[in-house]
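Biologist: I would like to learn how to read this model. Where do we start?

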Amino acid sequence: RFILTADAEQTPGVEVREVDGVRRVEGYAAVFNSETTIAGRFAEVIAPGAFEGRLNDNVVAALNHNTNQPLAKVGAGLDLSVDSRGLKYGFDIPDTTTGRDLLELMKRNIVSGSSFAFTVEGENWEKRKDALDLRTINKVGQLIDVSAVTTGAYPEASVALRSQDDFNDDLSDPKELRDQEAPDDENVK
């Protein structure tokens, strides 16, 4: 199991908006062609088209990948889409302990990243002489969750809080990943 998440500092990729008293999270769990370094061992990017056929998977929206305390789910308030930038998600924040916690943690900028969990169906590896080897995820086998997270790895998938008035990881060796016959290991981005 790999735990890889998205960083919060650069681009606000997720917002919480309040419209007519309803608070809604919207943003990007993954951004295409955004290279990041995974634990200093290899670089990785998500290719456009990687999520083809995955938007109707049994995906849960969660806080820090804790699917035991869901915020939404496909078919129950979670909207997923793909555009030229990446994997976009949105959901109305429920009036639950987890929903209220999410709002407070985002207001305090404690939760400031976005992430996603998935299995890999197709990948390429590029051996690079003067840089870390590059893993390109070409096809996601199953999309498991999209999450607002406290710590992340991808600089362009992030989280921000917005109201009407104001903006309020055990990694295996990359060679082992390449040598796997069945790409059924769970990956979290």
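Modeller: With burial. A residue is called buried under 20% relative accessible area, exposed over 50%, and partly exposed in between. Tyr89, at a relative accessible area of 3%, is therefore buried. Phe91 is buried too, with 3% relative accessibility. Keep in mind that this is a predicted model.

Biologist: How many residues does the protein chain have, and what percentage of them is buried?

Modeller: The protein chain has 189 residues, and 48% of them are buried. The chain exposes about 9300 Å². Carbon and sulfur atoms supply 41% of that area.

Biologist: How many helices and strands are there in the protein chain?

Modeller: There are 2 helices and 12 strands. From the N terminus, the order is β-β-β-β-β-β-β-β-β-α-β-β-α-β.

Biologist: Now the rings. How is an aromatic pair described?

Modeller: By two values: the distance of the ring centres and the angle of the planes. This structure holds 5 aromatic pairs. In one of them, Phe32 and Phe51 have ring centres 6.2 Å apart and planes at 35°, so the pair is tilted.

Biologist: Which parts of the chain does the pair of Phe32 and Phe51 tie together?

Modeller: Two loops. Phe32 lies in the loop between β3 (22-31) and β4 (36-38), and Phe51 in the loop between β5 (42-46) and β6 (60-63). The pair therefore ties together parts that are 19 residues apart in sequence. Both Phe32 and Phe51 are buried. Phe32 and Phe51 also form one aromatic cluster with Phe116 and Phe118.

Biologist: Is the pair of Tyr89 and Phe91 stacked or tilted, and what are the values?

Modeller: Tyr89 and Phe91 are stacked, at 6.3 Å centre to centre with 15° between the planes. The cut-off for stacked is under 30 degrees.

Biologist: Which charged end sits over the ring of Tyr28?

Modeller: That of Arg85, 4.5 Å from the ring centre.

Biologist: Next, the core. What do nonpolar side chains tend to do?

Modeller: In soluble globular proteins, they tend to be buried together. Here, the largest nonpolar core has 31 residues. Phe51, Leu78, Phe91, Leu102, Phe116 and Val146 have the most contacts inside it. Elements giving two or more residues to this core include β8 (77-82), β9 (86-92), α1 (97-107), β10 (113-126) and β11 (134-149). The largest share, 5 residues, comes from β11.

Biologist: Which residues is Leu102 in contact with, leaving aside neighbours within four places in sequence?

Modeller: Leu102 is in contact with Val25, Leu63, Leu71, Phe91, Ile93, Val111 and Ala148.

Biologist: Last, the charges. How many salt bridges does a search of the whole structure find?

Modeller: The search finds 10. In one of them, the closest N and O atoms of Arg128 and Glu35 are 2.9 Å apart. Arg128 lies in the loop between β10 and β11 and Glu35 in the loop between β3 and β4, so this pair ties together parts that are 93 residues apart in sequence. Glu35 is partly exposed, at 41% relative accessibility.

Biologist: Are Arg54 and Asp57 buried or exposed?

Modeller: Arg54 is buried, with a relative accessible area of 16%. Asp57 is buried as well, at 12%. Their side chains meet in a salt bridge, 2.7 Å from N to O. Arg108 and Glu104 also meet in a salt bridge, with 2.5 Å from N to O. Arg108 is exposed at 58% relative accessible area, while Glu104 is partly exposed at 35%.

Biologist: Which residues are linked in a network of salt bridges?

Modeller: Arg24, Glu26, Asp79 and Asp92.

Definitions and conventions: Residues are numbered from 1 along each chain as its sequence is written. This is a predicted model: local features need pLDDT of at least 70, side-chain atom pairs count only at pLDDT 80 or more; totals for chains, interfaces and linings use all residues. Side-chain values use heavy atoms; hydrogens and water are left out. Rings of Phe, Tyr and Trp (its six-membered ring) pair if their centres lie within 6.5 Å; planes under 30 degrees apart count as stacked, over 60 as edge-to-face and the rest as tilted. Helices (H or I, at least four residues) and strands (E, at least two) are DSSP runs, numbered from the N terminus. Buried means under 20% relative accessible area, exposed over 50%, partly exposed in between (1.4 Å probe, protein chains only). A charge sits over a ring if NZ of Lys or CZ of Arg is within 6 Å of the ring centre and within 35 degrees of the ring normal. A nonpolar core is a set of buried Ala, Val, Leu, Ile, Met, Phe, Trp, Tyr and Cys residues joined through side-chain atoms within 4.5 Å. Contact means heavy atoms within 4.5 Å. Accessible areas come from the Shrake-Rupley method with a 1.4 Å probe; for residues, only the protein chains shown count as cover. A salt bridge is a side-chain nitrogen of Lys or Arg within 4 Å of a carboxyl oxygen of Asp or Glu.
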